[in-house]
Amino acid sequence: MSQWLMAGLLFTPLAWAALSLLLDFRRGRWLSWLGMLIQVLVSLSLWFAVATGGGFFYALAGWQAPLGIALRVDGLAVSFVLLTAAVATACGVHAGVYLDPSKSWQRYFWPLFWFLWAGLNGVWLGADLFNLYVGLELISLAAVGLVALGGEAAALRAALRYLFAALLGSLAYLLGVALLYGQFGTLSLTGIADVVGAAEPAAALALLLMLAGLALKTALFPLHGWLPPAHGIAKSPVSALLSGLVVKASFYIAARLWLELGDRLGSQLLAQGLGALGAAAVLWGSWRAFRQPYLKQVVAYSSVAQIGYLFLLFPLTYAVAEPVSRLAQQGITLQVISHALAKAAMFLAAGNLILSVRSKRVDALGGVSHFLPFSLFSFGLAGVSLMGMPPTGGFAAKWLLLQASLASGQWWWIAVLLLGGVLAAAYVFRIYRASFLEDSASDDFYHPPKTLEAIPMILALLALGLGLVAEPVLSVLALPFEVAAGVTVVQP
């Protein structure tokens, strides 16, 4: 059963991408909607299999490492697989209605969409450093193509900037992989973690290079310059995919590297430095979001700010007691899931509002609250999660991070968490203030189809309700993996 689920997660998106290349937008849409249904069912099946039977290592097609591809299937991986299915399906259905099928280049959305999905599943399940790199590159190239999809000069500039940043980040990561392979003779992350020692300068340099490359791909301040133009200019379903899922993939790899190798190869200076950059991202990104005149740029800079919270993982898990580290890991994981749902909802709702008022400016939203309250309400619900208000997933995540900060004696991160919530409220309420300033009593707005308005609402409600089911979600996330029968983990 497991082998069919693995094949479904990895090869079905690639097959759908190839088939979509042969079809126009409308036929590709129907094919893709069928594929989304299959992916959701397969993701749910794997999630329930791990929730009831535990995690495992799996050698794809029976080929053992290093020749074959080993997959690490644990609670965290399958939860992210299911999160990807939820967010990508929402964005795919939204795109099928939102994008204009009369524009011939829109047909390329579907193959790029499926290549992106295949890369994401490959990253969540990958067990060795090179296959993680392959998944990461597939994600980056597909994401760059999606940003450039509109064909406008601004979109092409943003896509090229994104491409250069992605290639530079990949180069740094690949150099680190080469150093580790030269040192240990294996690419298995588990195998390296079992034998690495503290006094190994080459391995420490490799970790530093890999973290730097992944920080660039994740758009950590001050390496974030490529993100606002790319996320702001892309079509709304693309922006939702980029912010909700794509930047999480590179952070996921960085987090796995740190949790496996950081206690021996890291340092207090590195951990606190990454945390400080995360704190700066929260403050700078929030301030920039508050000052932006364009709606999608507000949401894009909000992504820069919210990414900053993720990097508190590094100081809150280094040289601390195991229960404190576990609290921090749980908080960051909930933050990733909550942010993915809320930010996808926010970008999709912003796209609906822009479509309605026929303008990208914040000051063009006057009257939306009266004539088009549904998308505005979805935007606000997603914003409540970003603020960290109860009972949202954002609140549960920040509560766990507050506890980890107190328990580890790192009180300064508490100020970042609280101030970040206040600043998030400021830029969300700024949008609401603009929407209540009515210029006339007439309804001159375009009213989007109900499907477009329902999708961001569903995602926002999921982000809102995540805090209510945080305990069972965390119980599945904590499930470890075990080596399945007949599968070996190669040691150096």
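Me: Where is the place of Pro222?

Reply: Pro222 sits in the loop between helix H8 (201-218) and helix H9 (227-233). Helices here are DSSP runs of H or I with at least four residues, and strands are runs of E with at least two, numbered from the N terminus.

Me: And how far can I take the numbers?

Reply: This is a predicted model, in which local features need pLDDT of at least 70 and side-chain atom pairs count only at pLDDT 80 or more, while totals for chains, interfaces and linings use all residues. Residues are numbered from 1 along each chain as its sequence is written, and side-chain values use heavy atoms, with hydrogens and water left out.

Me: OK, helices. At what angle do H10 and H14 pack?

Reply: About 165°, with the axes of H10 (residues 236-265) and H14 (residues 322-357) 7 Å apart. Axes are lines fitted to C-alpha atoms, for helices over the stretch in contact, and angles run from 0 to 180 degrees between N-to-C directions. H10 and H14 are therefore roughly antiparallel. Angles over 145 degrees get that label, under 35 is roughly parallel, 65 to 115 roughly perpendicular and the rest oblique.

Me: Which residues of H10 meet H14?

Reply: From H10, they include Ser236, Pro237, Ser243, Lys248, Phe251 and Leu259. Among their partners in H14 are Gln329, Ile332, His339, Lys343 and Phe347. Contact means heavy atoms within 4.5 Å. By class, the residues of this contact are 10 nonpolar, 7 polar and 2 charged. Ala, Val, Leu, Ile, Met, Phe, Trp, Tyr, Cys and Pro count as nonpolar, Asp, Glu, Lys and Arg as charged, and the others, Gly among them, as polar.

Me: How do H5 and H6 pack?

Reply: H5 (residues 129-147) and H6 (residues 153-184) pack at about 175°, with their axes 9 Å apart. That makes H5 roughly antiparallel to H6. Their contact includes Leu132, Tyr133 and Glu137 of H5 and Tyr162, Leu163 and Tyr173 of H6. The classes in that contact are 18 nonpolar, 2 polar and 1 charged.

Me: What about H17 and H18?

Reply: For H17 (residues 393-408) and H18 (residues 412-435), the angle is about 155° and the axes are 9 Å apart. The two are therefore roughly antiparallel to each other. Lys398, Leu401, Leu402, Ser405 and Leu406 in H17 meet Trp413, Ile414, Leu417 and Gly421 in H18. These residues are 6 nonpolar, 2 polar and 1 charged.

Me: New topic. How much space lies in the largest pocket?

Reply: About 910 Å³. On a 1 Å grid over the protein atoms alone, a pocket is an open set of points with protein on both sides within 12 Å along at least five of seven lines, a cavity is a set where a 1.4 Å probe fits but cannot get out, and lining residues have an atom within 4 Å of a point. Points are joined across faces, edges and corners, and a volume is the space filled by probe spheres set on them.

Me: Which residues lie nearest its centre?

Reply: Arg72, Leu76, Leu259, Gln329 and Leu477, out of 33 lining residues. H10 gives the most to this lining, with 9 residues. The lining of the largest pocket has 20 nonpolar, 6 polar and 7 charged residues.

Me: And what volume has the second largest pocket?

Reply: About 460 Å³. Its lining has 16 residues, with Leu82, Ile337, Leu341, Leu466 and Val473 nearest the centre. H3 gives the most to that lining, with 5 residues. In the second largest pocket, the lining is 14 nonpolar and 2 polar, with no charged residues.

Me: Last one: how many cavities of 30 Å³ or more?

Reply: There are 3. The largest cavity holds about 70 Å³. Leu136, Ile139, Ser140, Tyr162, Ala166, Lys217, Val246 and Ser250 line the largest cavity. H5, H6 and H10 are the elements that give two or more residues to that lining, and H5 gives the most, with 3.
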